[in-house]
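These are my notebook entries on a single structure, written down in the order in which I looked things up.

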Amino acid sequence: LEGGAMESFDVVIAGAGPAGLKCAETLGGSGLGVLVLERENAVGRKVCAGGLTARCLNFLEPPDSLLERSFDSVLLYNRGRSLRLRGEGLLVATADRRALGEWQLSKLGRFSNVEVRTGACVTSVGKDHVVARGERIGFRYLVGADGSSSIVGRSLGIRPRRLAVGIQYTLPGILRPDVELHLDSRLFHARYAWVFPHGDSTVVGCGSDFRVCPVGRMRENLDRWLREQGIDASGSPLEAAPMNHDYQGHRFGNIFLVGDAGGFIFGLSGEGIYPALVSGREAALCILDPLRQDVEISRLLALKERQERRLGRLLESGRLMGVVQYLSLAALRIPSFRARGIDALVGGPGGGRAESPE
């Protein structure tokens, strides 16, 4: 800037993922000057299975054209046994993350007070400014939506203590017709492997905890499982991404942490898009009304805490983890347990039924 003047905005949002873009959309038309800084050259690039749960779809209300495939059931596997969990409506859909990001970005076009800059990585954070592309940019409010390794979070002295990692392959063609979740404590500890069919491809992957299973061993376990499933991933690049589920707060004066940056990911299921959207919107609403009570955040954290407790009980079960997973799957055949299971997994309507796969 000429003369060394510092550019300034009312709100600077670091990151143009679901949380950052939802925050910007909520601030759209407010009269506040909003700048979104995205480190990548395009929005939407993220290692993600691309699953949108029922609660996410109800919140997001995407156009049908954005959804590649929709499912009213999910197949669960454990120890050679399988169970089809069917709800009373749509349980999950798949979408391309880049297309999702582009759709969210397109919604900002009608707001003259919102600007998005790509290829603009935030490299440092000061008390009233950030540095991106070597330039200082001032803010009244800062929203950290910059992922699990958030530089905004680090500037607040926050270091995630509970990090999981997800690894996956994107394979050509539709390998399986259903969304599948495979529990196997020998390979994936307290988490699972997944199969998510998309438009003309299938995403297969798994998640685990850094402390329990290093990435190298995770890949070995995933490749072993793929061979057992008769799935050939040779020639396909492996993608990996950290998943921060260590919530340590989201409001720090005039700075907010949302989505992965705030540790809002659900620890057991790994669901991240829905909590990102909710936390991004709530940060914007709190900026618009500083006296706003965080009721929706409290509800989100209550849902997250239920998953964290389940994850904790699994981790505490040690060598009996496989037995606990087996019994949990068996319990889903009981209507009351099944309703709670559907709600915990996808937030879909209660009821439904459990069936043996065709």
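How are α1 and α3 oriented to each other, roughly parallel or roughly antiparallel? I read α1 and α3 as roughly parallel to each other, since angles under 35 degrees count as roughly parallel, over 145 as roughly antiparallel, 65 to 115 as roughly perpendicular and the rest as oblique. The axes of the two helices come within 10 Å and cross at roughly 15 degrees; the axes are lines fitted to C-alpha atoms, for helices over the stretch in contact, and angles run from 0 to 180 degrees between N-to-C directions.

Before going on, I note that this is a predicted model, in which local features need pLDDT of at least 70 and side-chain atom pairs count only at pLDDT 80 or more, while totals for chains, interfaces and linings use all residues. Residues are numbered from 1 along each chain as its sequence is written, and side-chain values use heavy atoms, with hydrogens and water left out.

**Entry: α1 against α3**

I found that α1 passes α3 in a left-handed crossing, a term that applies if the near helix is turned anticlockwise from the far one by less than a right angle, with right-handed for clockwise. The contact (heavy atoms within 4.5 Å) is made by P18, L21 and K22 of α1 and by R97, G101, Q104 and L105 of α3. Helices (H or I, at least four residues) and strands (E, at least two) are DSSP runs, numbered from the N terminus.

**Entry: the buried face of α3**

I then listed the buried residues of α3, which spans residues 97-106, and they are R97, L100, G101, W103 and Q104. Seen down the axis of α3, these buried residues fall within an arc of 160 degrees, so they line one face of the helix; the arc is that of the directions from the helix axis to the C-beta atoms. Buried here means under 20% relative accessible area, exposed over 50%, and partly exposed in between (1.4 Å probe, protein chains only). Their cover includes α1 (18-27), α2 (54-60) and α7 (273-288). At the start of α3, I noted that a side-chain oxygen of D96 comes to within 3.1 Å of the backbone nitrogen of R98.

**Entry: α7 against α8**

On the α7 side I recorded Y274, P275, V278, S279, R281 and E282, which meet E296, I297, L300 and L303 in α8.

E271 sits in the loop between β18 (255-257) and α7, and at 9% relative accessibility it counts as buried. Its side chain makes a polar contact with the side chain of R55 at 2.8 Å; such a contact is a pair of N or O atoms within 3.5 Å, where within protein one must be able to donate a hydrogen and the other to accept it, and residues adjacent in sequence count only if both atoms are side-chain atoms. Not counting residues up to four places away in sequence, E271 touches T53, R55, C56, I265, F266 and L345.

D246 lies in the loop between β16 (239-244) and β17 (251-252), and it counts as buried at 3% relative accessibility. The D246 side chain reaches the backbone nitrogen of R161 at 2.7 Å. D246 and R159 are 87 residues apart in sequence and 9.0 Å apart in space, C-alpha to C-alpha. With residues up to four places away in sequence left out, D246 touches R159, P160, R161, R162, G262 and G263.

E7, in strand β1 (residues 7-14), counts as partly exposed at 21% relative accessibility, and a polar contact of 2.5 Å joins its side chain to that of R117.

**Entry: positive phi**

Most residues other than glycine have a negative phi. R133 is in the loop between β10 (129-132) and β11 (135-144), and at 53% relative accessibility it counts as exposed. For H189, also a residue other than glycine, phi is near 55 degrees, a positive value. H189 is found in the loop between α5 (185-188) and β14 (192-197), and it is partly exposed, with a relative accessible area of 22%.
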